[in-house]
Structure formats: structure tokens, C-alpha cells
Amino acid sequence: MRKFVFAAASLTALVLAAPAFAQSGPPSDPDTKFNGARAGVLLGYDRVQPGQVPNSNIDDSNSASGLTYGGDVGYDVQSGRWVFGAEGEVTGSTAKVTNNPSAAGALGYGRVKAGRDLYAGARIGYAVAPRTLLYAKGGYTNQRLDLVASDGATETGRHYNLDGWRAGAGIEQKLGRNSYAKLEYRYSNYGDARLEYPSGGNTNNFSVDTDRHQIVAGLGFRF
């Protein structure tokens, strides 16, 4: 847990400190601008775990780890060295917990596999060099957990949809006129959940506390 917090704090500190050590004025080469629409692919480490809340008998050692993968799109506008953008993602994950489905200890849900994840948010960055952008990001995320549970006699499969927020920071490096690579850390917290029935119906939202830590790399193309 501490290493994830340290990574986030370090990246965020770089973003905030960027104006102190960067030269003033915008990059002079138009090919180094961080402007316009972009699209890319993502791959990285994914860890889903219960949050630490009072009076809970579920600790954060009951986690699911794996690979996250998917794609993102966005649009950026550069003003001087500052970059403002909006972005969205659709990702999947191999993270899962294969405990006994009748035991709710792992993640508090039973046997769990991370499903698709949707994200929409914004980012703000600072071009510390003509081809290097440091940025912070944040927004809304909706995660699906595929659940297998049992009452000791009947085993059933369901989906949980979790709503929450995401914050992160990263670095983007231009590789050519239109291509780029990036590396970022993201933390997500989900506070509301609803159970989705096979018929398509949902329960009312109820409170949860589920954390997600991700370190992802991306390759993309700016149009």
C-alpha cells in the first residue's frame, strides 16, 4: 500500500514542481505541441482490494491482482506550456480471487473476478520539455466485478457495478510527430455498488469501500 501512495505522491510532486525548473514560454516547434485528438492502448498492473474502514473484518491482504488492458481516447488543448484535456477509457482486467464462494472474506464479495472498467475524466499537464509532459488526472470510474457466491447449497453468478472516483499522475513522451508513450499511476475508490441480476435488473445502491491501484503504460497516436 505504501509503495502505491509513494508513487502517486512522487508523480504529483513532479507535476506541481515543473514550473520551477522548466524554461518559460511555449515549445517553439509545432511538432512538439500536445494539441488535438488522441487514441491509444494501455497495459499494466492492476490490484483490487477492500478499503480500510472502521469495524471491518476484511483486511487489505484479501486482494485480487493481475493485468489491466484496454484503450483510451482524449482531446487536449495547449496554452503556453500548460495542457488541458478530457479523456475516456474502456479496460478489462485479469485480476481475480479464487477463494471458496461461500466465504465472503476476499474483497467482501465471495469469489471475484474484475470485469470491465469505464472511466471519464480530465487532466492538466505542464510541458517540462518540448516533448515531455507531466500531468495529473481525475474523474469518474465504474467497475464491474463478476461474482460467484454460494449459500452452502446453491452457487450463483452475478455482477456488481461499482461507482467511484479516480485520481492519478503520469508522464507522456512524444516519440515522433504524432506518436507518444506514457506511464502513469492511478488510484480509484469505489463507494457505491449495486447487484445486477441475470434478468438485467439492479438492486438499489448500497455503500462499499473498495480500492484499486494501477500502474499502466500506454502507446498512442495524436491526430
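Helices and strands are DSSP runs, numbered from the N terminus.

Figure 1. The model is predicted. Its elements run α-β-β-β-β-β-β-β-β-β from the N terminus on, which comes to 1 helix and 9 strands. Of the 223 residues in the chain, 46% are buried. Among contacts with a separation of 6 or more, 66% are between residues 24 or more positions apart. The accessible surface of the chain is about 10,500 Å², and carbon and sulfur atoms account for 59% of this area.

Figure 2. Strand E1 covers residues 36–50. E1 pairs with strand E9 (residues 206–222) in the antiparallel sense, over 13 bridges.

**Figure 3. Pairing of strands E8 and E9.** E8 and E9 run antiparallel and are joined by 14 bridges. Asn 189 has Asp 211 in E9 as its bridge partner. E9 also pairs with E1.

**Figure 4. Salt bridge between Arg 38 and Glu 87.** The structure holds 18 salt bridges, and the one in this view joins the side chains of Arg 38 and Glu 87 at 2.9 Å, N to O. The pair links distant parts of the chain, with Arg 38 in strand E1 and Glu 87 in strand E3 (residues 82–93), 49 residues apart. Arg 38 and Glu 87 are both buried. Side chains of opposite charge can pair when their charged atoms come close.

**Figure 5. Salt bridge between Arg 166 and Glu 89.** The closest N and O atoms of Arg 166 and Glu 89 are 3.5 Å apart in this salt bridge. Arg 166 belongs to strand E7 (residues 155–174) and Glu 89 to strand E3, and the pair links distant parts of the chain, 77 residues apart. Buried means under 20% relative accessible area. Arg 166 counts as buried because its relative accessibility is 2%. Glu 89 is also buried, because its relative accessible area is 3%.

**Figure 6. Salt bridge between Arg 194 and Asp 163.** The side chains of Arg 194 and Asp 163 form a salt bridge of 2.6 Å, N to O. Arg 194 lies in strand E8 (residues 179–196) and Asp 163 in strand E7, so the pair ties together parts of the chain that are 31 residues apart in sequence. Arg 194 is buried, as is Asp 163.

**Figure 7. The nonpolar cores.** The largest nonpolar core has 13 residues, and those with the most contacts inside it are Leu 145, Tyr 160 and Leu 162. Strands E5 (111–129), E6 (132–150), E7 and E8 each give two or more residues to this core. E8 provides the largest share, 3 residues. A second, separate core has 5 residues, including Val 83, Ala 127, Leu 133 and Tyr 135. In soluble globular proteins, nonpolar side chains tend to be buried together.

Figure 8. Trp 165 is in strand E7. A residue is partly exposed if its relative accessible area falls between the limits for buried (under 20%) and exposed (over 50%). Trp 165 is partly exposed because its relative accessible area is 44%. Leaving aside residues up to four places away in sequence, Trp 165 touches Gly 139, Thr 141, Tyr 187, Ser 188 and Asn 189. The C-alpha atoms of Trp 165 and Thr 141 are 5.4 Å apart, although these residues are 24 apart in sequence. Asn 189, one of the residues that Trp 165 touches, is the bridge partner of Asp 211 in E9.

**Figure 9. A nonpolar surface patch.** Tyr 45, Ile 171, Leu 183 and Ile 215 make a nonpolar surface patch of about 310 Å². Tyr 45 is found in strand E1. Tyr 45 counts as partly exposed because its relative accessibility is 32%.

Conventions. Residues numbered from 1 in each chain as written. Predicted model: local features only at pLDDT ≥ 70, side-chain atom pairs only at ≥ 80, totals over all residues. Heavy atoms only, no water. Patch = residues over 30% accessible without salt bridge, like charges linked within 9 Å, V, L, I, M, F, W, Y side chains within 5 Å. Areas by Shrake-Rupley, 256 points an atom, 1.4 Å probe, with all protein chains shown as cover. Salt bridge = Lys/Arg side-chain N within 4 Å of Asp/Glu carboxyl O. Helix = DSSP H or I, 4+ residues; strand = E, 2+ residues; numbered from the N terminus. Buried < 20%, exposed > 50% of the residue type's maximum accessible area, 1.4 Å probe, protein only. Contact = heavy atoms within 4.5 Å. Core = buried A, V, L, I, M, F, W, Y, C linked by side-chain atoms within 4.5 Å. Pairing = 2+ DSSP bridges.
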